[in-house]
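Me: I am new to this structure. Please pick a single spot, look at it closely, and then lead me on to other places worth a visit.

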Amino acid sequence: MAEKYKDIDPQETKEWIESIEDALEEHGYERTRYLLETLIEYAQSNGARLPFNTNTPFVNTILPGQQPKYPGDRDIERNIKSIIRWNAMAMVTKANKETPGIGGHISTFASAATLYEVAFNHIFKGPEHPEGSDLIFFQGHASPGIYARAYLEDRLDAKHLHNFRRELSEEGGLSSYPHTYLMPDFWQFATVSMGLGPIMAIYQARFMRYLSDREINKASNRKVFAFLGDGEMDEPEALGALTLASREKLNNLIFVVNCNLQRLDGPVRGNSKVIQELEGAFRGAGWNVIKVIWGSDWDELIENHSNELILNRLEEIVDGDLLKYIVEDGSYIREHFFGTSPELLKMVEHLSDKQLERMRLGGHDPEKMYAAYNEAINHNDGPTVILARTIKGYGLGEAGEGRNITHNQKKLNEDELLYFRDRFNLKFTDDEAMKAPFYRFKKNSKEYKYLKKQRDKLGGYLPSRTDKSENLKVPDLSIFKELIDGSGDRKISTTMAYVRLITVLTKDKNIGNHIVPIIPDEARTFGMDPLFRQLGIYSSAGQVYDPVDSDQFLYYKEAKNGQILEEGINEAGAVSSFIAAGTSYSNHGIKMIPFYIYYSMFGFQRTWDLIWAAGDMRARGFLLGGTAGRTTLNGEGLQHQDGHSHLAAAATPNIKAYDLAYGYEIATIIHHGMVEMCEKNKDVIYYLTLENENYVHPPMPEKIQNDIIKGLYKIKSTKNPTVRLLGSGPLMGEVLEAAKLLKKDWGIEAGIWNVTSFSELRRDAEETERWNLLHSGDKPNQSHLEKCLSKNTVPTIAVSDYVKMVSEQIGPYVPGKYYALGTDGFGRSDTRENLRKFFEVDRYYIVFTTLRALAIENKLDINIVKKAMKKYNLDPDKPSPITV
Ligand SMILES: Cc1ncc(C[n+]2csc(CCOP(=O)(O)OP(=O)(O)O)c2C)c(N)n1
Ligand SMILES: [Mg+2]
């Protein structure tokens, strides 16, 4: 401030400061804040425009005098922490000595050890805590430290540590990073794809509120902690949802950003200060920010905040400088940091170079960190972020402390091991240390007892993951009668059929309350707006305004107990809600079933990484890609027309993907999915594409449920088929029309099949083939595909509104020649008819391809194919939809 404006009356300035000093002394912080805010308001309203500033000085938010007494035994905790540091380092070192190139990280946990240890000893509530367990998003590549602690707690053995990153070893190993899928009793959240942790944590905290506001779970004092890297904060997802947390006053949410000022390649912000930048972003977004920059060693120097000299010096240095002070010795710090003025130099003349070098930073000082946590967990007015200054590779010395190479440091040599031992006063002999042994405290040691006692007090060990949820009773399929009976004469879309299903489902007395409809500002597109009124849109504030459509029956109803999560135009946030709801069975012991419907193009394509993380975290629920199909969604054009999400879905192992044509298929699949999730406890995600083309939906044929689930069922058989047509989703209509043309124009009878899932068919066929391979000589098994199609080897023509690779998935397993028609290429806006012609998937192309397939097999004269081209006006020189 002083720099920006010239002080034309220093005496007056002094008097004002003295007044504030008096206020602080006599009335404390609250009164001082009130006075200052009143003054600012007065000045603003009288025209003194104050510049917007979201930053506070580059010092700790909590002053030494405001710190609570440290509740633990610092010496014992230091011993425990040093051994955890050692074991974490040894785990990575050993792994890389034994298996060069296996990877791992030493430096990240080295920087974060104090952040975690203070919390483990004093803050994190465990699973047996009366208030329930905290939920912790660990920084992914700090995992060695978390394993190292679990080892001291007897939760992991040396053999596990030995097999870090060797998960396929016979004795079992440890995942590189937090992966629920691979360590389902241990890790709760998959965090290593940078940026996903923060957004998932925000929505997790919000979902906890949702559950208590809807009185499904009782309100509790559980917190969500997210440990994040400062480099990670550059991911758009990391900062993108901050205002939701403050808007919803999520005081159950605490971010801890490990500000070691470095990422993988080098400084996060060499030329400025990442902590200040983050402070600005978080404060601007309405968060409570606690900066923990300087350790106790700095208190004396900084204590006197009115000493402008040091404050200004702290203000002007940049992170690049701060990093340099880590790798240089004390004399360099004296010369370059304090040497800018004689007064500054004087402030440190009583300190030796060694002392200067060793001045601890905030994130390595347990007292400072405890003070921050203590304030964070007691802050009632919204979310808190702790910005903790640390040193990357702390304690590694020449081997990487604060160096640009530190992120990729994977093993220490013998000298470096000895240095590390000395640095943390460990008791290994030289010979022992050079072997990098794992160390465990003896059962009767004070460290072991302390470690256990602290965790006992806090309710047991973390991370840990359990499933104590009760099963839900899934209603009989018959509740979806109107879908099963078909639409009569009415032309409806699959989206409309789905909306009917969800309307009925949410009314079911057993399961209805557990359904979580999630929509990113697209409810009206899908015709779901009637649900606004029926279910209400969740809002922690209720509805404090009179909506513009309040005079209408189906008004925009927000409610504190609203069931719908209307996430706004925020697909990443909406998937995060999907994940929170879909993992509720383990995080809250209550099964919730998310139904997340979105514009299909903005699903996998935009947020597959989050969906992949959902798979990792064993989330359960339904993803519904609305207005899918490259030609079925017609007017919207290239960036809206999804013709490939099924490829991504097929590649995600625990997703079962379906492209559906009729209402009864939707009912069958969703019913089956719910039984798997809620009664059989399978960790599955169902992906259904839904379309907006209206046509008549027939009633469900008899006894085809299992076939629908397996992915293929017969629509029409013929006695002596010469060809087989496979249709899928909305293109089933074209297939049916093509079959009519084949009969009418060419006298050809085709067998007709409906493919509900190419990927499920392929998986089954592949698994069957694999079994047969491994059991060569035994009676071979038959896949569903074979059971359906192996009776004859006529040519097969498959059509879908997706790229050919989707239907080609089953090509190798279909007897006879296989032809795939699909929608490869960028979309266009036009009529469905023209688009299907353009992509060569319409009824005429189906007939044409069929005739040619028969000609190739010498079952038809090639001249007939030529005739057909003329008849249907097919241009042999039409440009390819892939290149045009
Ligand atoms: C989305 C994504 N991009 C890149 C990476 C690779 N990666 C792993 S750690 C890392 C650097 C992390 O830096 P920071 O967040 O500051 O964490 P630190 O180790 O410094 O605590 C990178 C780039 C990743 N895991 N995820
Ligand atoms: Mg970093």
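Reply: Start at Ala-88, in helix α2. One thing to keep in mind: this is a predicted model. Is Ala-88 buried or exposed? Ala-88 is buried, because its relative accessible area is 4% and the cut-off for buried is under 20%. What does Ala-88 touch, once its neighbours within four places in sequence are set aside? The contacts are Phe-109, Pro-144, Gly-145 and Ala-148.

Phi of Asp-154 is near 65°. That is a positive value, and Asp-154 is not a glycine. Why remark on it? Because most residues other than glycine have a negative phi. Asp-154 is partly exposed, since its relative accessible area of 27% lies between the 20% and 50% cut-offs.

Asn-681 also has a positive phi, near 55°, and is not a glycine. Its place is the loop between α27 (663-679) and β14 (685-689). Asn-681 counts as partly exposed, because its relative accessibility is 31%.

Now a backbone feature of another kind. The peptide bond from Leu-462 to Pro-463 is cis. Its omega is near -5°. Most peptide bonds are trans. Pro-463 sits in the loop between α19 (446-457) and α20 (481-484).

Ser-487 lies in the loop that joins α20 to β6 (491-492). Ser-487 counts as buried, because its relative accessibility is 14%. The Ser-487 side chain reaches the backbone oxygen of Arg-490 at 2.7 Å. Beyond its neighbours within four places in sequence, Ser-487 contacts Ile-492, Tyr-695, Val-696 and His-697.

Next, the ligand. How many residues surround ligand 1? There are 18, and the closest are Thr-108, Gln-139, Asp-230, Gly-231 and Lys-392. Some polar contacts can be picked out. A polar side-chain atom of Lys-392 is 2.7 Å from an oxygen of ligand 1. A polar backbone atom of Gly-231 is 2.8 Å from an oxygen of the ligand. For Glu-232, a backbone N or O atom lies 2.9 Å from a ligand oxygen. Taken alone, ligand 1 exposes 590 Å², and the protein buries 75% of that.

Which residues make the nonpolar patch of about 680 Å²? They are Trp-16, Ile-20, Leu-24, Tyr-29, Leu-36, Leu-39, Ile-40 and Leu-50. Leu-50 sits in the loop between α1 (10-45) and α2 (74-98). Leu-50 is partly exposed, because its relative accessible area is 38%. Patch residues need over 30%, so Leu-50 passes that cut-off. The loop of Leu-50 leads on to α2, the helix of Ala-88. That brings the tour back to its start.

Methods: Residues are numbered from 1 along each chain as its sequence is written. Chains are lettered from A and ligands numbered from 1 in the order in which they are written. This is a predicted model: local features need pLDDT of at least 70, side-chain atom pairs count only at pLDDT 80 or more; totals for chains, interfaces and linings use all residues. Side-chain values use heavy atoms; hydrogens and water are left out. Patches are made of residues with over 30% relative accessible area and no salt bridge: like charges are joined within 9 Å, nonpolar side chains (Val, Leu, Ile, Met, Phe, Trp, Tyr) within 5 Å. Accessible areas come from the Shrake-Rupley method with a 1.4 Å probe; for residues, only the protein chains shown count as cover. A salt bridge is a side-chain nitrogen of Lys or Arg within 4 Å of a carboxyl oxygen of Asp or Glu. Helices (H or I, at least four residues) and strands (E, at least two) are DSSP runs, numbered from the N terminus. Buried means under 20% relative accessible area, exposed over 50%, partly exposed in between (1.4 Å probe, protein chains only). Contact means heavy atoms within 4.5 Å. A residue is near a molecule or strand if one of its heavy atoms lies within 4 Å of it. A polar contact is a pair of N or O atoms within 3.5 Å; within protein, one must be able to donate a hydrogen and the other to accept it, and residues adjacent in sequence count only if both atoms are side-chain atoms.
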